[in-house]
Each structure stands twice: as structure tokens, then as C-alpha cells.
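Please keep the sequence and the structure open beside them.

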Amino acid sequence: MTKYKCVKTKGLEVAMSDKQVTLRSFETEDIKELHRWSNDPVSMLMVGRAPLTYEQVAKQVEKKRQNGDLLLAVENEESKLIGWVFLQNIEHEHGRASIGILLAPEARGQGYGKHAMERMINIGFNQLRLNKIYLTTRGINEHAITLYTKIGFIVEGQLRKHAYIDGNYCDTYFMGILASEWKQKYSKRNF
Ligand SMILES: CC(C)(COP(=O)(O)OP(=O)(O)OC[C@H]1O[C@@H](n2cnc3c(N)ncnc32)[C@H](O)[C@@H]1OP(=O)(O)O)[C@@H](O)C(=O)NCCC(=O)NCCS
């Protein structure tokens, strides 16, 4: 179980594990790093894409900006860029959006993903006034599914043989968390 300690950040007392992240706006100069993370073999396997050129990645970012997605860069304790997290398909009439995350290969498995997701979800529920945040993930992505389950996401559906990965058809999971569930679980946390 994660042990939390209290730290002071920007005047706010927040409960954090020994890993800490800051979210800031994702800038055009960050695309170079995003390009590197996107072409990492694990990213390609888990997100299921072929290698992309810098221009293709830049185009994807531009498309997300035009859609009004919320794109945030993740920084570690030394203000080093280590990933991005975003809310997309933001539909205020339904109070819902989907979330995505990608960390630099060297930053994975240290707790940063959990903190970055928690902070972004908190923004979604407590600033954008969303009612539901959802995502889809490949069934083979045990790491991501473990993380999402720990945060409180529930598997709402299993799309059978939905993705073709490395010669095999694999299931995709649809997972979601409601604002009420989040507030109940995280009522004692200040972000
Ligand atoms: C998936 C991803 C965002 C997770 O972030 P992360 O910082 O690496 O994950 P964390 O260190 O916060 O780990 C979260 C939990 O996963 C579990 N975990 C860690 N490594 C794992 C592994 N290799 N397999 C299964 N579970 C694992 C741990 O239980 C951990 O919780 P704990 O620290 O409380 O015990 C990140 O690894 C990543 O960017 N992967 C590549 C892209 C990707 O898969 N994106 C998601 C697409 S849906």
C-alpha cells in the first residue's frame, strides 16, 4: 500500500507519496519529447501504433488542440518533463470526457503515472465540473489496468478481440469513474 506524507506546495498542504508531479500546459516545444516517448516499443505495443514521424506527432497535437482537448505536461520534482496527460472528447452537455496518459520510458513504474492521473482527474471533476471520466485500454496492458483500478476506475465493458496487436486480436477494456465515486474515495485529499 502507498504511504502518504504531507508536503507543502505553493502554499497548499497536500498528501503525496515520495513521488511528486506538477502539471502545466503542454507547449509546442514539448512535442520533440512526445515524439520520442511515442516511438518507444512499449508505447507502440500498448497504444498500438506504428512509428510516427515528428510531423505526424505534431499534427496529432494540433488536432487535439483544435478539438478543445485539455493537454497538460507532467513534470517531476526537478521540473523535468516526463510525460503528458490529457482530457479529450470533452462533452459538457453529458458531463463527460476521456483521459489519456503517456510517460517517458525512463519515468515509468515509479508512481508518477498515478499522481499525474489523480491530478488530472481532480481537474476534470473539480474544475471542469465533469460527472464521468472514462478511457479505453488494451487488455494486454496490465500495468495501466492495475493503475486505473487502483485509482477507482471500474471495467464497464470488454470489447472482444477489438485490437490487432503483433499478429493477435486482443480485447479492449472500457473503464470509467464517476464524480461521486471519486469524491468518496478522495474526499480527504487536497490537490
Ligand atoms: C501506464 C503508465 C501511464 C503507468 O504509469 P506509471 O508511473 O508507470 O505507473 P505507476 O508507477 O504509478 O504504477 C501504478 C501501479 O501499477 C502497478 N505496476 C507497476 N508496474 C507494473 C507492471 N509492470 N505490471 C503491472 N502492474 C504494474 C503497481 O501496482 C503500481 O501501483 P503501486 O505503486 O501503488 O503498487 C505508464 O507506464 C506509461 O506511460 N506506459 C506506456 C503508455 C501506456 O500504456 N499508456 C496507457 C495507455 S491506456
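Which residues are the closest to the ligand, and how many surround it?

1. The ligand is surrounded by 22 residues, a residue being counted when one of its heavy atoms lies within 4 Å of the molecule; the closest are Leu103, Gly109, Gly111, Gly113 and Asn141. Please bear in mind that this is a predicted model, in which local features need pLDDT of at least 70 and side-chain atom pairs count only at pLDDT 80 or more, while totals for chains, interfaces and linings use all residues. Residues are numbered from 1 along each chain as its sequence is written, and side-chain values use heavy atoms, with hydrogens and water left out.

2. An oxygen atom of the ligand lies 2.7 Å from a polar backbone atom of Gly113, and an oxygen atom of the ligand is 3.1 Å from a polar backbone atom of Lys114. For His143, an N or O atom in the side chain is 3.0 Å from a ligand oxygen. The protein covers 76% of the 950 Å² of accessible area that the ligand has on its own, as computed by the Shrake-Rupley method with a 1.4 Å probe.

3. Two or more residues of the shell come from each of E6, H4, E7 and helix H5 (142–151), and H5 gives the most, with seven residues. Helices (H or I, at least four residues) and strands (E, at least two) are DSSP runs numbered from the N terminus.

4. Seven strands make up an open sheet of mixed pairing, in the order E3-E4-E5-E6-E7-E9-E8, where two strands pair if DSSP finds at least two bridges between them. Strand E3 (22–25) and strand E8 (154–165) stand at the edges with a single partner strand each, so one side of each is left without a neighbour in the sheet.

5. E3 runs antiparallel to strand E4 (residues 70–75), to which four bridges join it, and Ser25 stands opposite Leu72 in E4. E4 and E5 are likewise antiparallel, joined by six bridges, and they form a hairpin with five residues between them, in whose turn Ser79 has a positive phi of about 60°.

6. E5 and E6 pair in the antiparallel sense over seven bridges, with Leu102 in E6 as the bridge partner of Trp84. Four residues lie between E5 and E6 in their hairpin, and Gly95 in the turn has a positive phi of about 65°.

Notes:
A polar contact is a pair of N or O atoms within 3.5 Å; within protein, one must be able to donate a hydrogen and the other to accept it, and residues adjacent in sequence count only if both atoms are side-chain atoms.
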